[in-house]
Amino acid sequence: PPATRAVQAKSKIGSQEQEKKRGILAALDRGEEEKVRIVAESLIRLRHEQLAVDMLKLLLDNLKSRTSSIINSKDPPADLFWALGSILVCRRHFSTQIPELEEIHKQLCNKYGKVSMDQLVDDPEYVHPRLTQLLTVLPPPAAEVAEVVRGVAAEAGRAVPQWAQAKAVPEPAAPAAGVGRSAGGY
């Protein structure tokens, strides 16, 4: 079942998290500040994915508990729009780890129509805002990156780099036009 696969995906993300922590520590040891930031961003994205998978599991459990109302309805139940839209957004991100999401999408499209299901995904009103935030590809704020670096360093008993020591970390200077990141972080 997809909920079980979600738990497996979360476990895999957990192992990747440990690998990222080791990468941060190794870059700290070598004094590679930019590498530390990059790996910390990657760790933050993994943690966000873990939270998104947790939400997905709850949404799938909710969907499973409402199977009979779905089977007996001609239109998607209005109180499930939000759950359906959120599950289908997760499908875009986790279909390789949780292939059953493709089957759920197919069944919902067969039942209610592809256009109807695509509208749920495309309308932010029907997708959990926290889920959208967790699955964004924008870089995290510099303060969040610094917090993660401080946490990983403290957990391992290592010195925290100067740039990550302050609670309010200034955003690094923007790169030249057309270079680097376009929004968020640094």
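Mentor: Let us begin with contact, which means heavy atoms within 4.5 Å. This is a predicted model, in which local features need pLDDT of at least 70, side-chain atom pairs count only at pLDDT 80 or more, and totals for chains, interfaces and linings use all residues. Residues are numbered from 1 along each chain as its sequence is written, and side-chain values use heavy atoms, with hydrogens and water left out.

Trainee: Which residues does Val127 touch, not counting residues up to four places away in sequence?

Mentor: By that criterion Val127 touches Trp82, Gly85, Ser86, Val89, Leu120, Val121 and Thr132. The C-alpha atoms of Val127 and Val89 are separated by 7.5 Å, although the two residues are 38 residues apart along the chain.

Trainee: Why does Val127 count as buried?

Mentor: Buried means under 20% relative accessible area, exposed means over 50%, and partly exposed lies in between (1.4 Å probe, protein chains only). Val127 has 5% relative accessibility and therefore counts as buried. Its place is the loop between helix 6 (114-122) and helix 7 (129-134). Helices (H or I, at least four residues) and strands (E, at least two) are DSSP runs, numbered from the N terminus. The protein chain has nine helices and zero strands.

Trainee: What makes Ala166 partly exposed?

Mentor: Ala166 has a relative accessible area of 38%, and is therefore partly exposed. Ala166 is found in the segment after helix 9 (162-165). Across the protein chain, buried residues make up 39% of the 186 residues.

Trainee: Why is helix 2 called roughly perpendicular to helix 8?

Mentor: Axes are lines fitted to C-alpha atoms, for helices over the stretch in contact, and angles run from 0 to 180 degrees between N-to-C directions. Angles under 35 degrees count as roughly parallel, over 145 as roughly antiparallel, 65 to 115 as roughly perpendicular and the rest as oblique. The axes of helix 2 (residues 33-65) and helix 8 (residues 142-155) cross at roughly 95° and come within 9 Å. Helix 2 is therefore roughly perpendicular to helix 8.

Trainee: What is the make-up of the contact of helix 2 with helix 8, by class?

Mentor: Ala, Val, Leu, Ile, Met, Phe, Trp, Tyr, Cys and Pro count as nonpolar, Asp, Glu, Lys and Arg as charged, and the others, Gly among them, as polar. The contact of helix 2 with helix 8 has eight nonpolar, one polar and four charged residues.

Trainee: Why are helix 2 and helix 4 described as oblique to each other?

Mentor: Helix 2 and helix 4 (residues 81-94) pack at an angle of about 135°, with axes 10 Å apart. Helix 2 and helix 4 are therefore oblique to each other. Their contact has 11 nonpolar, two polar and one charged residues.

Trainee: Which residues touch the most other members of the largest nonpolar core?

Mentor: A nonpolar core is a set of buried Ala, Val, Leu, Ile, Met, Phe, Trp, Tyr and Cys residues joined through side-chain atoms within 4.5 Å. The largest has 33 residues, of which Leu56, Ile87, Phe94 and Leu101 touch the most other members. Helix 2 gives the largest share of this core, eight residues. A second, separate core of 17 residues includes Val39, Ala146, Val152 and Ala153.

Trainee: And what does Ile87 touch, not counting residues up to four places away in sequence?

Mentor: Ile87 touches Leu56, Leu59, Leu60, Leu63, Leu101 and Ile104.
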